[in-house]
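Please look over the model shown below before reading on. The paragraphs after it lead through the two chains in turn and then through what joins them.

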Amino acid sequence: MMNLQDGIASGQPADARRRRDLVKALLLSIHRQLASISSPQKIRLMEVCGTHTMSIFKHGLRHLLPDRIELISGPGCPVCVTSPGQIDAAIKLSDIPDLIVATFGDMLRVPGSQGQSLAKARARGADVRIVYSPVDALQLARDNPDRNVCFLGIGFETTAPVVAATLKMASQLSVNNFFVYSCHKTMPNALEALFSSKESDVQGLLCPGHVSAIIGEQPYGFLVEKYGLACAITGFEAEEILLGVLSLLKQLASKYPFVDNCYPRAVSPEGNPSAVAALEQVFQPSTAVWRGLGSIPGSGLAIRQQFKRHDAESHFGIEIEEPNKVSGCRCHRIITGQIIPPECPMFRKACTPENPMGPCMVSSEGACAAWFKYGGERL
Amino acid sequence: MVLLDHGSGGLASSRLVQEIFLSRLSNPILNELEDSAILDIGQQQIAFTTDSYVVDPIFFPGGDIGELAVNGTINDLAMKGGMPVALSLALILEEGFSLDDLERIMDSIARASIQAGVPVATGDTKVVPKGKADKIFINTAGVGIIEIRFPLTASRIRPGDKILVSGTVGDHGATIMTRRQGLEVPGQFQSDTMALHRLVRDMLELSGENIRCFRDPTRGGLATTLVELAKKAGVTMEIAETEIPVRKDVAQTCEILGLDPLYLANEGKLVAVVAPDVADELLALMQESHLAPEPAIIGRVVEQGIMPVVMETAIGGKRAVEMLTGEPLPRIC
């Protein structure tokens with residue numbers, strides 16, 4: 001019989017009370033800090049990371065923050081920024097006979113430019129498997145030596161080092177039927193593209209905690225220097241997000257923006273050098289196409305020559321054709337913070353999680369999914 | 001084309017039922033779309049239900065496909081107030097399936113049936129060629145006698161009513177999700193599969209028609225069940241995250257896998273919507289019962305707002321709770 005006495009997480013009054021008190025105290029500080037910023041205009045802050053977006057909605061933080069603070073979702077949902085051409089290519093891969101496509105679950109239902117998806121391909125008979133880690137995909141290849149296994153490498157600096165380590169393992173063990181289709185992207189250059197391309201009224205950034213744990217504090221420096229943006233590296237609990245918001249307000253009030261590491265329990269100033277080394281050993285910077293941001297030099301990760309035998313793109317001759325336009329879908333404007341999901345005419349109408357028109361409605365970290373699931377505009 | 005989504009118990013499933021099934025089979029009994037059909041036979045009301053079990057893996061901590069097939073169908077009867085009389089048992093076996101495993105499953109069916117006091121009264125076996133089914137699929141149907149003189153339906157829910165849940169949510173779903181993926185995760189949690197008809201009987205004896213309705217939050221979890229009830233009743237439900245019982249190790253596992261315990265299946269829990277005056281006595285009854293480990297009053301019913309279910313979060317924020325859409329998916333980073 002299981003012991004339920006010490007098994008209850010929620011409903012632990014002391015813990016919940018403590019958290020509430022902490023949140024209350026942080027909100028009070030945020031209100032005070034806001035009062036010291038004289039300009040009556042809205043303060044627009046961007047949470048770069050999709051995990052932040054989800055956490056903000058899940059905890060109902062938007063309702064607790066003062067109306068003057070506007071939180072906008074940024075380009076930090078890896079599924080959402082994967083280009084339509086790459087999605088199409090991944091679906092095409094699943095048509096190759098005897099190939100097993102191994103992917104994180106979020107990719108399954110993302111629609112391609114013709115309305116097709118990996119989920120639909122699977123229903124037609126393609127062998128598409130959900131894995132929780134690239135290591136599982138490698139195991140799949142070892143368990144099926146007579147078939148090819150291709151892992152869809154989606155994700156930022158957080159996911160890519162694990163993929164790098166897996167590729168090294170595959171190479172060492174000569175698992176020659178294991179391939180990676182690298183759609184990996186790196187964050188700093190994308191932020192550069194976002195803030196250099198047009199007039200942005202975003203004043204501060206909640207920088208992604210997980211990515212920062214790998215790359216450290218330094219890569220955000222240019223955002224402060226070139227664009228005068230306040231930056232706070234932030235964890236994912238409600239209290240941590242509020243702490244990040246408070247830091248941004250303090251920076252704006254003092255007019256001295258800097259990169260404030262509000263997540264020191266996970267992020268050290270220099271990041272994780274061994275993860276960065278693994279990345280550099282296996283991948284080299286390449287030009288990547290981002291949904292919403294277009295082609296950005298140096299923002300992708302291509303597999304280096306030494307590991308080419310595992311590169312799905314060259315082995316299967318993947319050709320990426322970016323469709324001219326994905327009709328009606330405004331995910332590209334949502335990713336760049338130009339509109340919020342309820343401002344998209346398809347939101348909750350033609351586009352729902354059940355019948356998604358774009359990746360932001362599919363991904364568990366997509367802004368549209370968050371607004372839909374947690375009733376953002378309806379409460 | 002049928003997608004896995006259509007079987008997830010969420011929006012896609014309900015669309016399949018409406019557009020493909022009800023459009024052809026519509027009749028006043030079926031149209032209710034409740035856990036059991038209610039039939040009037042002479043002076044007697046009978047609850048009648050059927051369910052198929054295809055769980056993978058077939059053996060898991062806390063139970064197996066056989067036990068699930070007995071308890072699940074009993075619970076569907078019980079939710080409508082039907083006290084189970086007998087079950088049918090139909091097996092679809094894949095050629096090559098191990099006889100040892102079959103015996104093990106039949107042992108557990110026998111055990112569950114004796115424990116619940118509900119005999120298997122009729123059965124059927126089919127064997128299909130290797131690869132045409134996955135090991136074993138089970139269908140059970142059940143009939144139950146309804147002694148109460150009022151309907152247990154969502155339409156009787158009123159603003160002011162209280163919402164009770166009989167124990168920790170997500171245990172079964174978290175168990176299956178982790179086993180299916182072969183994941184090693186922290187904790188000792190296991191499936192909660194359990195027959196609930198005796199708990200329902202005791203609750204009905206205590207509070208009678210002050211109980212508006214019962215639901216077992218299986219596929220789609222607690223969240224989907226509450227949204228369905230609120231929509232059917234034309235009300236809004238306000239629940240408090242801190243009141244919803246979730247095992248700590250289940251919560252941690254969900255955290256790791258990017259799952260939400262509110263959407264994970266339960267196989268031994270019930271939700272009861274009850275008149276405000278009887279909520280405390282029912283909670284006390286459940287606290288005394290081994291069939292309701294860690295029961296709680298999780299919220300109340302209010303006049304209909306824009307969203308059917310609204311939750312006060314643990315830190316004091318507010319958010320909507322929606323139905324499950326698509327398979328529960330793991331997170332990406």
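A residue is called buried if 20 or more other C-beta atoms lie within 10 Å of its own, exposed if 12 or fewer do, and partly exposed in between, with the C-beta atoms placed from the backbone. Helices (H or I, at least four residues) and strands (E, at least two) are DSSP runs, numbered from the N terminus. The model is predicted: local features need pLDDT of at least 70, side-chain atom pairs count only at pLDDT 80 or more, and totals for chains, interfaces and linings use all residues. Residues are numbered from 1 along each chain as its sequence is written, while chains are lettered from A and ligands numbered from 1 in the order in which they are written.

Chain A comes to 17 helices and 11 strands. Its C-alpha atoms fill a box of roughly 65 × 60 × 45 Å along the principal axes. The radius of gyration is taken over C-alpha atoms, and the globule rule is 2.2 Å times the number of residues to the power 0.38. For the 379 residues of chain A, a compact globule would have a radius of gyration near 21 Å, and the chain agrees with this at 21 Å. Of these 379 residues, 53% count as buried. Two residues are in contact if their C-beta atoms, placed from the backbone, lie within 7 Å. Among contacts in chain A between residues at least 6 apart in sequence, 78% join residues at least 24 apart.

Helix α2 (residues 50-58) of chain A is mostly covered, with 9 of its 9 residues buried. The buried residues of α2(A) include A:H52, A:M54, A:F57 and A:K58. After α2(A) comes A:G60, whose phi is positive, near 70°. The other helix is α6 (residues 118-124) of chain A, where A:R122 lies. Is A:R122 buried or partly exposed? A:R122 is partly exposed, because 18 other C-beta atoms lie within 10 Å. A:R122 and A:A90 are 32 residues apart in sequence, and their C-alpha atoms are 12 Å apart in space.

Chain B has 8 helices and 14 strands. Along its principal axes the C-alpha trace of chain B spans about 60 × 55 × 45 Å. With 333 residues, a compact globule would have a radius of gyration near 20 Å, and the 19 Å of chain B agrees. Buried residues make up 52% of the 333 in chain B. Of the contacts in chain B with a separation of 6 or more, 85% are between residues 24 or more positions apart.

Chain B is divided into domain 1 (34-146) and domain 2 (154-320), with bounds that come from an automatic or database domain assignment. The C-alpha centres of domain 1 of chain B and domain 2 of chain B lie 24 Å apart. How many residues of domain 1 of chain B are in contact with domain 2 of chain B? There are 21, in contact with 21 residues of domain 2 of chain B. On the side of domain 1 of chain B that touches domain 2 of chain B, α2 (65-79) and β5 (82-94) of chain B each supply at least two residues. α2(B) gives the most to that side, with 9 residues.

Next come the features that involve both chains. The contact between them takes 44 residues from chain B and 47 residues from chain A. On the side of chain B that touches chain A, the elements giving two or more residues are α1 (11-25), α7 (248-257) and β14 (318-320) of chain B. By class, this side of chain B has 23 nonpolar, 11 polar and 10 charged residues. Here Ala, Val, Leu, Ile, Met, Phe, Trp, Tyr, Cys and Pro count as nonpolar, Asp, Glu, Lys and Arg as charged, and the others, Gly among them, as polar.

A nonpolar core is a set of buried Ala, Val, Leu, Ile, Met, Phe, Trp, Tyr and Cys residues joined through C-beta atoms within 7 Å. In the largest nonpolar core, of 208 residues, A:C360, B:L226, B:A272 and B:V309 touch the most other members. Helix α12 (residues 238-254) of chain A gives the most to this core, with 9 residues. Leaving out residues up to four places away in sequence, B:A272 touches B:L164, B:M203, B:I211, B:F214 and B:L282.

Last comes confidence. pLDDT is the predictor's confidence in each residue, from 0 to 100. Chain B has a mean pLDDT of 92, and 95% of its residues reach 70 or more. Over residues 329-333 of chain B the pLDDT is below 50. Where pLDDT is low, the predicted coordinates should not be read in detail. For the complex, the predictor gives an ipTM of 0.79 and a pTM of 0.86.
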